[in-house]
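Take a look at the chain below. We will walk through its charged pairs, its rings and its surface, step by step.

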Amino acid sequence: ELAVDHHRQLTADVAHELRTPLTNIQGYLEAIKDGVVEADEETIDTLHSQTIHLSNLIEDLRILAIADAGALALNKSHGSPIPVIQESVAHFSQRAREREIDLSITATGAGTVVDFDETRIRQIISNLVENSLTHTPNGGSVNVDIFGGQDDIKILITDSGIGISEADLPRIFDQFYRADQSRTRTTGGAGLGLTIVKRLVEAHGGEISVTSNAESGTTFRVVLPASRT
């Protein structure tokens, strides 16, 4: 019964998320066709961004479907993931500067060896950093701290943002769940980013958890097991 309800809800959520960009694209194209709107650079940019948005959403859904079927194949490397994590964080430097957010990264234990898929680790870090930046006000901070040990590598992503309420915390990794129900994908994601992060971390044999309060912001904690070979 619960599985059926979940499936129905998921189908309804997918339909809702796909409908918004498709309706926007259809509306613009009909307006151009009727001569109400000119197909100028601004209109084409809007159509392009909506198409990318739709494409990203479909790719997110594809990854989730594969992960849920237990068929997510990882192309694993053997080594330290720290350089990959650092590169992924550096990608957000300009965006952080524009909003005067202090984005920092520290790393210890570079000798910890992990079996990891480079593309998926980038995806995990990018989703988490983007999420933190989205919910941190201008002038705030986002800190990424990496601790490599004998048994595992821990990645802590801490922001000085608005925090997540106690009621929302248990559901933060649920598909399409938004703590702020009014948000759209353009401002805060389709509610799939954190679900995908959880699936990708678990595919690496790792764990992800979150702590949060309004005073000190939010910390996401990712633990990846060290390689046994």
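Helices here are DSSP runs of H or I with at least four residues, and they are numbered from the N terminus. The model itself is predicted.

Start in helix α2, which spans residues 41–68. R62 and E59 both sit in this helix. They are 3 residues apart, about one turn of the helix. Their side chains meet in a salt bridge, with 2.9 Å from N to O. Side chains of opposite charge can pair when their charged atoms come close. How exposed are the two partners? R62 has a relative accessible area of 42%, so it is partly exposed. E59 is partly exposed as well, at 32% relative accessibility.

Now move on to D68, which is also in helix α2. Which residue does D68 meet? The partner of D68 is R199, and their side chains form a salt bridge at 2.7 Å, N to O. This pair links distant parts of the chain, because R199 lies in helix α7 (residues 193–203), 131 residues apart from D68. D68 is partly exposed, with a relative accessibility of 46%. R199 is partly exposed too, and its relative accessible area is 23%. Buried would require a value under 20%.

A further salt bridge joins the side chains of R171 and D174. Here the distance from N to O is 3.4 Å. R171 has 42% relative accessibility and counts as partly exposed. D174 has 33% and counts as partly exposed. Elsewhere, salt bridges that share partners tie E87, E118 and R122 into one network. How many salt bridges are there by this rule? The count comes to 8 salt bridges.

Next, turn to the rings. The count of aromatic pairs comes to 1. This pair is made by F173 and F220, whose ring centres are 6.2 Å apart. Stacked or edge-to-face? The planes stand at 75°, so the pair is edge-to-face; the cut-off for that label is over 60 degrees. Where do the two rings come from? F173 lies in the loop between β5 (152–159) and α6 (185–188). F220 belongs to strand β7, residues 217–225.

Then go out to the surface. E38, D40, E41, E42 and D45 gather there in a patch of negative charge. One of them, E42, has its place in helix α2. That is the helix that also holds R62 and E59. E42 has 62% relative accessibility, so it counts as exposed; the cut-off for exposed is over 50%.

One last stop is D151. Where does D151 lie? It is in the loop between β4 (141–148) and β5. At 49% relative accessibility, D151 counts as partly exposed. R228 is 77 residues apart from D151 in sequence. In space, the two are 8.8 Å apart, C-alpha to C-alpha.

Key:
Residues are numbered from 1 along each chain as its sequence is written. This is a predicted model: local features need pLDDT of at least 70, side-chain atom pairs count only at pLDDT 80 or more; totals for chains, interfaces and linings use all residues. Side-chain values use heavy atoms; hydrogens and water are left out. A salt bridge is a side-chain nitrogen of Lys or Arg within 4 Å of a carboxyl oxygen of Asp or Glu. Helices (H or I, at least four residues) and strands (E, at least two) are DSSP runs, numbered from the N terminus. Buried means under 20% relative accessible area, exposed over 50%, partly exposed in between (1.4 Å probe, protein chains only). Rings of Phe, Tyr and Trp (its six-membered ring) pair if their centres lie within 6.5 Å; planes under 30 degrees apart count as stacked, over 60 as edge-to-face and the rest as tilted. Patches are made of residues with over 30% relative accessible area and no salt bridge: like charges are joined within 9 Å, nonpolar side chains (Val, Leu, Ile, Met, Phe, Trp, Tyr) within 5 Å. Accessible areas come from the Shrake-Rupley method with a 1.4 Å probe; for residues, only the protein chains shown count as cover. Lys and Arg count as positive and Asp and Glu as negative; His and the chain ends are not counted. The place of a charge is taken as NZ of Lys, CZ of Arg, CG of Asp or CD of Glu.
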